[in-house]
Amino acid sequence: MSETPVLKVDDLRIQFRSGRETVHAVNGASFQVNAGETAAILGESGSGKSVTASAVMRLLQSPPAYVSGGTVHFKGLDVLAMPLDRWREYCGRDVAMVFQDALTSLNPVFSVGWQIAELFRTHGVASGKEADERAVELLERVGIPDPAARSKDYTHQFSGGMRQRVMIAMAIALGPDLLIADEPTTALDVTVQAQIMELLESLREESDMAMVLITHDLGVVADAADNVAVMYAGRVVESGPVAEVLSRPGHAYTLALLDSVPQARGKGGKLRPIIGSPPDLARIPKGCAFNPRCRFATDICRQEVPPSVAMAEGRVAECHHADQVFNDG
Amino acid sequence: MTTAEQEALIIRRGVPWWRLLARDKFALAAALWLLILFACFLVGPELFGKAATSLNLRARNLPPGSLEHGWLMFLGGDALGRSMIARLIVASRNTLTVALCSVVFAMIAGGILGLIAGYIGRGVGHVIMRFADILQSFPSLLLAVVVLYVLEPSVTNLIVVLAITRMPIYLRVTRAEVLEIRERVFVDASSALGGSSYHILLRHIAPVVAPTLLTILTVDFSIVMLAESSLSFLGIGIQPPEITWGLMVAQGRNYLSQAWWLAFFPGLAIMLATLSGNILSNWLRIVSDPEQRWRLETPRKSDE
């Protein structure tokens, strides 16, 4: 592939340093996404997926957060190396982000129309009345009924799904090339989830935008993403095309994750929850971080960090027992 | 259309503020009283300036409630037989000028410094906070005495001194609020969509802090009136023949046992002005908060 990926994250490492200890929130996250593609980052709470997204947008506050290694490239530009002011110019215009809880991510004291119009005004795209009109158009585009009247309403007057639509409207307002969606549907119920994902998908297709979808929901990943990167304890432990990774995982963690999800169609086999809880990121276990919870774990897992194993075209897993998992699963 | 839908429509269209005011009896009364005060402030000294300074020795310490000496003596006369009501009206201009200007200046200066201290933090923030510490650790009355003694006591200097001594409260409250608000997701969201620090501070943080500051302002209003009266009492505030309510209280204090009304009416004026300000600011806070406004907009049964 000769085309430059829209976003390329390479071996990103982020630490949170407090007086007493250092929390290794991200310990080598690598993934990339091309124009028109959706890359999902899948992981439990505390696996470092949201921190990765915040680092890409440079929203982390330092202290306590420090990027201790790795690079982030947006269309070939080194994001972490450029001055923050310059990166902020790209934000909103070329890169945008949707947050999990739209109620808190919109300002409560301004009407939503005003907030969207303000985006046009601060970026100098449109002013005054024109900005207001474009805000209404956008609300219509994301499927808000009666947009002209609704644009005068405040955040708390919208339902959860509608709020998320407003947030999405703001994110796509200036036609970004990359949209980072940080758990966009987690706070919503299932039917609304499906609508929001559909909306995101159709917007992505319309404008050939790249999308990074951060989620812990396997169903969302399976439906919406092209590629997936599975994160555990701050590392991308497996990555590859969604259909392949989910049907034939190469990492014991991915397999365990799949086993722990109930199937909606009829009664399946017994669920196998993952025993224990994710590791304390200040004290990550030696060797493979997943070893204390892994049913494949052997001595080598407790001693050595597993190397990346290329399973197939575009598929990588970091597991000592990748072959066994791959053939067993 | 069902009633619920109609109601929703009414809310969406928004009820004009003056209709909301008319519905709330206390707020309406407070607004009317402040309007009267404002009228006194504008034309009082021109209309009653003469009556407030003309002596009538027969009406010395005249008790209130009689119309014997004309309606100007309705609230009684002061120690030199001047009309209480005229003096109250004339004093409103100085009182309100000093009190309003000092709290507004204190709020603006304290608010801006607080925003900076809270948002930038560290270096600059520390300097600002230590500055506030110094101001607060210094007895404000002593500071005022020193400054007013060195400079000369005038309305302008009085305003400056009162504004500076009241400022730390606004500064601290603003900083505390900013520290909390800057962690909210909408601030992150704004910077993720390309908002500059300046934009975030002005458009996202300041509007959320503003109602709190306005509430403090109304409470502070009365404190400043009293502070001004104690300075006037010490002889370094407003100089007679200029008058303020605070000065009237201070002067009436000597006659408390014989003529209570000398101190009572100016005190009442201070209290009513403060109370009205408080009620109205409370009402304003609810009206200006999009999440609270419906409380006033939803019509009560009796209005139907």
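Student: What makes β3(A) and strand β8 (residues 210–215) of chain A a pair?

Tutor: In this predicted model, five bridges join β3(A) and β8(A) in the parallel sense. Pairing requires at least two bridges between two strands, so the term applies to β3(A) and β8(A). Within this pair, I41(A) stands opposite I214(A).

Student: How do you know that β3(A) also pairs with strand β9 (residues 227–232) of chain A?

Tutor: Four bridges join β3(A) to β9(A), and the two run parallel. The cut-off is at least two bridges, so β3(A) and β9(A) pair as well. Here A40(A) stands opposite V228(A).

Student: Why is β3(A) called largely enclosed by the rest of the structure?

Tutor: A residue counts as buried if 20 or more other C-beta atoms lie within 10 Å of its own. Five of the five residues of β3(A), residues 38–42, are buried, so the strand is described as largely enclosed. Both faces are covered: T38(A), A40(A) and L42(A) are buried on one side, A39(A) and I41(A) on the other.

Student: How do you know that the radius of gyration of chain A agrees with that of a compact globule?

Tutor: For 329 residues the globule value would be near 20 Å, and chain A has 21 Å, which agrees. Of the 329 residues of chain A, 46% count as buried.

Student: Which element gives the most to the side of chain A that touches chain B?

Tutor: In total, 25 residues of chain A are in contact with 19 residues of chain B. On that side of chain A, α4(A) gives the most, with three residues. The residues of this side divide into 13 nonpolar, seven polar and five charged.

Note on methods
Residues numbered from 1 in each chain as written. Chains lettered and ligands numbered in written order. Predicted model: local features only at pLDDT ≥ 70, side-chain atom pairs only at ≥ 80, totals over all residues. Contact = placed C-beta atoms within 7 Å. Nonpolar A, V, L, I, M, F, W, Y, C, P; charged D, E, K, R; others polar. Rg over C-alpha atoms; globule rule 2.2 N^0.38 Å. Buried ≥ 20, exposed ≤ 12 C-beta atoms within 10 Å, placed from the backbone.
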